[in-house]
Amino acid sequence: MKIADIQARNLIKYLKSLGIEVSTSTKARGNQGFYLRNKIYISKNISPDRLIPTLLHEFAHYIHAHIEPFMERTGGTIEVLFDDDKSDFYKDELLKVTNFVDKNSKFERLLQHKSILKEKISEYESIIKNKYPEFLRSKKFKEFDKYIKKSDAKYLLKYDRVQLISRGLGKTTKLYSISNLEQDFPDMSKEFCAYIRLKSCTCKQSRVSAKINRMKKYYTKPTELFARFIEGLYIDETAVKELAPNCYKRFYELLNTGYYKELVNVYYSFISSKE
């Protein structure tokens, strides 16, 4: 049996000795793991190298919940986590650690997608303005509105693909897609085609922005920042010390006074001794 497997088993055994229910065979709500009311759930599909970091992450939530009641509902506060009122002083460093521990927290793919959509919107806007120089995205496009009323293309203003079923004298089905506008609607001008595609990109851009905002709200919750800090100590303690020297110093001051309760045992048994 590999050393990491033995460590994981010992860590789970210790967590259970604290009265924590640990399950390693759940779907974990689409995540690698989550903590809820004295229970730690780990995904059955988690990779072996992520088991201990995830257990430590969720255990950090357990510790936080005992330091700061109602943490699960509020997300907690940095002031309580570091027993200091300088929240901004620590937050910037914790964000750096979060970006180091979890590359998804940088939103690189989403930001790239948003940038591509922005370029496409600009491209379609240029096509429209070649014929309609007064066109503004913030105002009604009267010429287009007049045309679209009599066209099935109006359904593509809400969906990129639609299937229309007619139940008149015999059932007929028509499939339309914004990628085939020129073929599906040969009478439609290139400016109107561009406008439909612009609207589609604008909706997608809004959804991407909303997702980034949701993720930012999640990643910047104090309890998540702290959990990834603990996770980071296991992954690469030296890197964490360099990225967050003030958090690192304050954490050890509190750790060794018992402020973080049973985390002190977990740290010295499973984090600092992992080598």
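Predicted model: local features only at pLDDT ≥ 70, side-chain atom pairs only at ≥ 80, totals over all residues.
Residues are numbered from 1 along each chain as its sequence is written, and side-chain values use heavy atoms, with hydrogens and water left out.

The three strands make an open sheet of mixed pairing in the order β1-β3-β2, where two strands pair if DSSP finds at least two bridges between them. From one strand to the next the twist averages 15°, with axes taken as lines fitted to C-alpha atoms and angles running from 0 to 180 degrees between N-to-C directions.

Gly33 has Ile42 of β3 as its bridge partner, and Leu36 stands opposite Lys39 in β3.

Select Arg37 and Asn38. The strands β2 and β3 form a hairpin with two residues between them, and Arg37 in the turn has a positive phi of about 45°. Asn38, found in the loop between β2 and β3, has a phi near 70°, a positive value in a residue other than glycine. Asn38 counts as partly exposed at 28% relative accessibility; on this scale buried means under 20% relative accessible area, exposed over 50%, and partly exposed in between, with a 1.4 Å probe and protein chains only.

Then move to Phe70 in the loop between α2 and α3, which is not a glycine and yet has a positive phi of about 75°. Phe70 counts as exposed, with 59% relative accessibility.

**The largest pocket**

Rolling a probe the size of a water molecule over the atoms shows where empty space is left. Here a pocket is found on a 1 Å grid over the protein atoms alone, as an open set of points with protein on both sides within 12 Å along at least five of seven lines, whereas a cavity is a set of points where a 1.4 Å probe fits but cannot get out; lining residues have an atom within 4 Å of a point.

Select Asn31, Gly33, Tyr218, Glu224 and Arg228, which lie nearest the centre of the largest pocket among its 28 lining residues. This pocket holds about 810 Å³ of space, a volume being the space filled by probe spheres set on grid points that are joined across faces, edges and corners. To display the surrounding elements, show β2, α2 (48-67), α3 (71-74), α9 (190-219) and α10, each of which supplies at least two residues of the lining; α2 gives the most, with five residues. The lining divides into seven nonpolar, 11 polar and 10 charged residues, where Ala, Val, Leu, Ile, Met, Phe, Trp, Tyr, Cys and Pro count as nonpolar, Asp, Glu, Lys and Arg as charged, and the others, Gly among them, as polar.

**The second largest pocket**

Select Lys103, Asn104, Phe107, Glu108, Arg109, Leu110, Lys211 and Met215, which line the second largest pocket. Its space is about 210 Å³, and α6 (108-131) gives the most to the lining, with three residues. By class, this lining has three nonpolar, one polar and four charged residues.

**Buried packing**

Select Thr223 in helix α10, a residue that is buried with a relative accessible area of 5%. Leaving aside residues up to four places away in sequence, Thr223 touches His61, His64, Met71, Gly75 and Leu81, contact meaning heavy atoms within 4.5 Å.

Continue to helix α11 (residues 245-255), where Cys247, Tyr248, Arg250, Phe251, Tyr252, Leu254 and Leu255 are buried. These buried residues pack against α4 (78-81), α5 (87-101), α10 (222-243) and α12 (263-271).

Finish at Phe82, in the loop between α4 and α5, which is buried with a relative accessible area of 0%. Not counting residues up to four places away in sequence, Phe82 touches Tyr90, Leu94, Cys247, Arg250, Phe251, Leu254 and Tyr260.

How values were computed: Helix = DSSP H or I, 4+ residues; strand = E, 2+ residues; numbered from the N terminus.
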